[in-house]
Amino acid sequence: MKRARIIYNPTSGREAFQKELPRALRKLEEAGYEASTHATTGEGDATEAARTAVTREYDVVIAAGGDGTINEVVNGLAEQPFRPKLGVIPVGTTNDFARSLRIPRNIQKAIDVVIAGNTKKIDIGKIDEDRYFIYIAGGGKITELTYEVPSKLKTMLGQLAYYIKGIEMLPFMKPINVRIEYDDHILEEPIMMFLISNSNSIGGFERANPLGEMDDGYFDLLIVRKTHFGDIPKIATSLLKGNHIHHDKIIYTKTKSLTVDVEENVSLNIDGEYGGLLPGKFVNLYQHIEFFVPENTD
Ligand SMILES: Nc1ncnc2c1ncn2[C@@H]1O[C@H](COP(=O)(O)OP(=O)(O)OP(=O)(O)O)[C@@H](O)[C@H]1O
């Protein structure tokens, strides 16, 4: 009999999962899984729980929560030589990663995806020696000033799936001097921010194959060079149209790894959460975790 460990955040998304849990367990049992649960107790607990699931040789881990919970579970699995297959039940406030995998928001339908058994190996980002991210890492320096973001700009930016959180901050950012090394390039100049993504969103909003670039071993690297407040709407428009690749304030490329050095204190954002200060080394781990995904995503 296959064994599944459900790691869920009981506080995530208005506690919706707990109500559905008995039904989810029943479904899994009927599908031939012996299933057990672990309710997380606070920050970092999902990482520990995932490590324990590996030690106890579960075949499958199911992470129920938001992006934060999935990030933590992946951090517990990523360094293990044997990594169970990972199911995702998106019950958080932000579920960008699950959305990119086309996993349904409906809890029972998301369980059905696990039961159906279709999987895909997805790249994972590694930061320095022992931290991992699932879809985005980025950095920049936020100013003390609070400009009002024009509402038109906000509406436009609202359509940017992954980069929204980063780009939306542009008006509040001030230039930082960086040294970024990627492939054979060395960039040494003031920039507004950089975003490293393991996604298909940028330049690919209308892609037919949504997972096409989450398993290719490459990050998307987006760097916004030093710019003035007035240029930001233009940059946002160009990002939205997907022709940002040719914008002179934007560097957009693909790379398997990069290092980012800074002279001052600049914070790093990992999967939407504060992730300490730079510098950092970022490496794409090719097809490192096998996720359950709906069948029609290939
Ligand atoms: N029992 C708990 N009580 C409080 N916080 C917890 C608990 N278990 C886990 N957490 C923390 O909650 C963080 C965020 O959770 P998660 O990503 O699942 O939800 P979310 O999408 O951020 O939003 P929300 O919790 O508002 O639905 C996790 O990174 C984890 O550190």
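## Two aspartates in loops

In which loop is aspartate 183 found? Aspartate 183 sits in the loop between strand 9 (176–182) and strand 10 (185–197). Helices (H or I, at least four residues) and strands (E, at least two) are DSSP runs, numbered from the N terminus. Residues, in turn, are numbered from 1 along each chain as its sequence is written. Please keep in mind that this is a predicted model: local features need pLDDT of at least 70, side-chain atom pairs count only at pLDDT 80 or more, and totals for chains, interfaces and linings use all residues.

Most residues other than glycine have a negative phi. Aspartate 183, however, has a positive phi, near 45°. Is aspartate 183 buried or exposed? It counts as exposed, with 12 C-beta neighbours inside 10 Å. Here, a residue is buried if 20 or more other C-beta atoms lie within 10 Å of its own, exposed if 12 or fewer, and partly exposed in between, with C-beta atoms placed from the backbone.

Aspartate 128 lies in the loop between strand 5 (119–127) and strand 6 (131–133). Its phi is positive, near 50°, and aspartate 128 is exposed, with 12 other C-beta atoms within 10 Å.

Now look at helix 5 (residues 107–116), where Ile107, Ala110, Ile111, Val113 and Val114 are buried. These residues are on the same side of helix 5 because they cover an arc of only 145° around the axis. The arc is that of the directions from the helix axis to the C-beta atoms. On the other side of helix 5, you can find Gln108 and Lys109, which are exposed.

What covers the buried residues of helix 5? The cover includes helix 1 (16–30), strand 3 (60–65), strand 4 (85–90) and strand 16 (280–292); contact means C-beta atoms, placed from the backbone, within 7 Å. Just after helix 5, glycine 117 takes a positive phi of about 85°.

## A cis peptide bond

Most peptide bonds are trans. The one from leucine 278 to proline 279 is cis, with omega near 15°. Proline 279 belongs to the loop between strand 15 (273–277) and strand 16.

## Around the ligand

How many residues surround the ligand? There are 19, and the closest are Ser12, Gly65, Gly66, Gly68 and Gly92. A residue is near a molecule if its C-beta atom, placed from the backbone, lies within 6 Å of it. Helix 3 (residues 67–77) gives the most to this shell, with four residues.

Terms used. Contact = placed C-beta atoms within 7 Å.
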